[in-house]
Amino acid sequence: MDIASRPSEPVADTQLADAPPPPAAPQVIRREDYQAPAWLVPEIALDFRLGLSATHVIARLSVTRNPAGNGTPTLRLNGDQIAALAVRVDGEAVNDWRMDGPDLLIDLTGDAHAIEVETALNPAANSQLMGLYASNGMLCTQCEAEGFRRITFFPDRPDVLSTYSVRMSGDKALFPVLLSNGNCTETGEGPDGSHWAQWHDPWPKPCYLFALVAGDLVANHAQFTTMNGRAVDLNIWTRAEDKDRTGHAMASLINSMKWDEEAFGREYDLDLFNVVAVSDFNMGAMENKGLNVFNTRYVLADPETATDGDYDAVEGVIGHEYFHNWSGNRITCRDWFQLSLKEGFTVLRDQLFSAAMGSEAVKRIEDVRVLRGAQFPEDSGPLAHPIRPDSYQEISNFYTATVYNKGAEVIRMMRTMAGAETFRKGTDLYFDRHDGEAATCEDFVRAIEDGTGLDLGQFRLWYGQAGTPQVTVELRHEDGAAVLELAQQVPATPGQPDKQPMPIPLRLALFDRATATHRVEELVVLDQARQTVRFDGWAEPPVLSINRGFSAPVQIEAQRDPADLVFLAAHDDDPFARYEAMQSLVVGHLVGIVGGRLDAAAQDRGRAAIGEAFGAILADDALDDLMRGELMILPSETYLAEQLLVADPLAIHAQREALKAWLGREHGAALEALHDRVRAVPYGRDAAARGARKLKTQALIYLASADAVGTAPRARAQYDAADNMTDRQGALMVLCGLDVPERAAALDDFHTRYAGNALVIDKWFSLQAGSLHKDVLEHVKALANHPDFTMSNPNRVRALYMAMAVNPKAFHAAGGEGYRIIGEVIRKLDPINPQTAARFVPSLGRWRRVDAARGALMVEELKAIAAEPTLSRDVREQVTKSLG
Ligand code: 0A1
Ligand code: ZN
């Protein structure tokens, strides 16, 4: 065999003899620099000889010159930590290829060529979990965003679409199941106990959607018949011991397929749909064409080991990945700046799906809670970016709540303005017009405009301007009219000092106090810096309900009379607005106290108003329990801190805890009665039973806050009586925060009971790291040395350290110990898994928003990270921007 090979030239080798190079200036990729690819790859054939620690890959690319490209004869194939063992052009071994950093360049003479490149990989050593890696004895891939270049040399960009044929061979005992995208076209036996399979995917796709899985797996199998009568085989692949926990995922998949047909007219387009659960995964899941790869966390669920929240997360993520088949795969992104094109839209689609499967009201409240908890802080910090960013250093850092969740809100606003039915005309046009293309956010907006008739000219600002708009609201009563004064301001963010007013659709209603009903309900689009809206015919001043359903992702600033908020918390017929009234009541009170703005009398009045509203929520027979549970949840400490320019996180914590304890004391009898009522409800997956479980733990939380010692036996009884994880975890969570003897006993029981079940052991770590216990940091340090802890599994790392980083009491503990722990995690994890390491940086990046002493300690940690001699691009970008 005539194989031209030459030794690899890893950058480090060539530099060994010299002094270490100065750190290279970070390379910034800019949206405005987009250029069409010079070469296209209409077809690729991949041949894998699989082994856990040695896999050999031959890639055969048919390349053609792109008439829309710049005409260069040089073919650039991206690589990342791989070496070419052989390169052939049109069947001939060649030597005149060269490396440009990690990329392989070949000068070509004609307009079409056959390129062949061989690479060798060590999947077992791939701790980054990008490219081909080993997890729990199996092999799997993760290619989004730029992982394919860790497998073979290729134009790794989403606007290069190819038809894939994949052959793989390997040891039949180790890898009895061999999967890739599309359909399996042939299988066979090879020598020495090996076997092989050939797969073909008829749908052209970018390389980030390529996937391969090989392992000892079993399938939960089902069939789905599409709207046009085509039968689709569905498989959910897991380790044998996990198979009986895949029922909910399968039901969710079938529901997703049906729902997408009905809600968006989208039919599945292959005869096979495979889902594989893997235990080592950086994110939630991945939408590879016909072969979704999932973090086990979002597949496995049964009542014994998964909470109701886990069930919802499985349903949502299964839906999300499935919906990507159209919003992401059939229509993909032109470049990574367009990420929100697929992610924002797909999040909206999964939100609507989950709402349709359960309670629309509760789902909306939960989605807004996520937005406020994760995205608002992003938008007000050093890493703020528009949903369509203008530049990046490492694209992995842009899989953010802004691109995903704010992206969904932006599309939701278009839907609100158009109306659901008209909006569907826009999405139909989008799918129709761009099917098979790599599209842009602009393409999407234009299709919505053309399909709905909306003018989205000014609305496009939502794609380019970062920052959460602040809307100030004032309602005056004069001459028998209600006069609403609205003003908006979009705050400055890094690189964007000046902003323009954006169209903000505000759904509002005016309530008549006497009848407790509204006479006016409409959508007002605030598109100027200031606007006045007049409502005639109000002899008495009405009560304003605004941003109903959270119609716009903005921060509302209004001086509200607590009595009006108590009124809305009891009477608003928009469930989100009702929740919001309760939240505003508490936010006004707590932020007022922490900010030193309320005298003692005002504090007492505010607390009494909250107590009254809380009592009404407990007593309201017309409320279902799921909704009652939502209304009982106090605003998070993060959200409270977000209301203050500079916050003392422990002061917020203390005041919030004090309010909880007071409510627990004030309503102790009602909460006990509630707990007694709901604990008699038997387990079921229906809304009533779920509502009962939600209240069970909510009641415990308040009771424990008021009286730890007195409530511990009740919590332990809930723990012992539990026949499901929701009750057991809820009780353990409460016990975990208390300094009572029941705590250690319950934790030990939990650990023993679920030994060997990784997802449940993750809960055991998180509950302790997220707890209210005074010794939480000591617990975290001890858990880091627990034999079950490992830095190489992202779920476990997050279970311990992300739970701690989002626990203000632990993270912001006096003296900066929490910051040091997270700083050390980042430094230790970066060489193992930079993507996961980088996700911890934003918590330290909030240093401007806490008191100066704490801020200085956080900066110290960031500087210590920046001083590391080698840092990944991921962590470097986040740290530099956070210090900036
Ligand atoms: N597209 C996936 C998210 C995803 C992104 C990057 C990954 O690399 C580790 C993995 C998954 C989604 O939106 O579900
Ligand atoms: Zn997605």
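Q: Before we look at the sheet, when do two strands pair?
A: Two strands count as paired if DSSP finds at least two bridges between them, and please keep in mind that this is a predicted model.

Q: OK, which strands form the open sheet, and in what order?
A: The open sheet is formed by 8 strands, which follow one another as β6-β5-β9-β3-β2-β12-β15-β14, and their pairing is mixed.

Q: And which are the edge strands?
A: Those are β6, residues 92-93, and β14, residues 183-189, each of which pairs on one side only.

Q: How many bridges join β2 to β3?
A: There are 9 bridges between β2, residues 39-49, and β3, residues 55-65, and the two strands run antiparallel.

Q: What stands opposite Phe48?
A: Phe48 has Val57 of β3 opposite.

Q: Switching to ligand 1, which residues surround it?
A: The shell around ligand 1 consists of Gln142, Glu144, Asn282, Met283, Gly284, Ala285, Met286, Glu287, His320, Glu321, Glu343 and Tyr399, and by class it holds 4 nonpolar, 4 polar and 4 charged residues.

Q: Which of its residues are buried, and what covers them?
A: The buried residues of α15 are Pro649, Ile652, Gln655, Arg656, Leu659, Leu663 and Gly664, and their cover includes α11, α12, α14, α16, α17 and α24.

How values were computed
Residues numbered from 1 in each chain as written. Chains lettered and ligands numbered in written order. Predicted model: local features only at pLDDT ≥ 70, side-chain atom pairs only at ≥ 80, totals over all residues. Helix = DSSP H or I, 4+ residues; strand = E, 2+ residues; numbered from the N terminus. Buried ≥ 20, exposed ≤ 12 C-beta atoms within 10 Å, placed from the backbone. Contact = placed C-beta atoms within 7 Å. Near = placed C-beta within 6 Å. Nonpolar A, V, L, I, M, F, W, Y, C, P; charged D, E, K, R; others polar.
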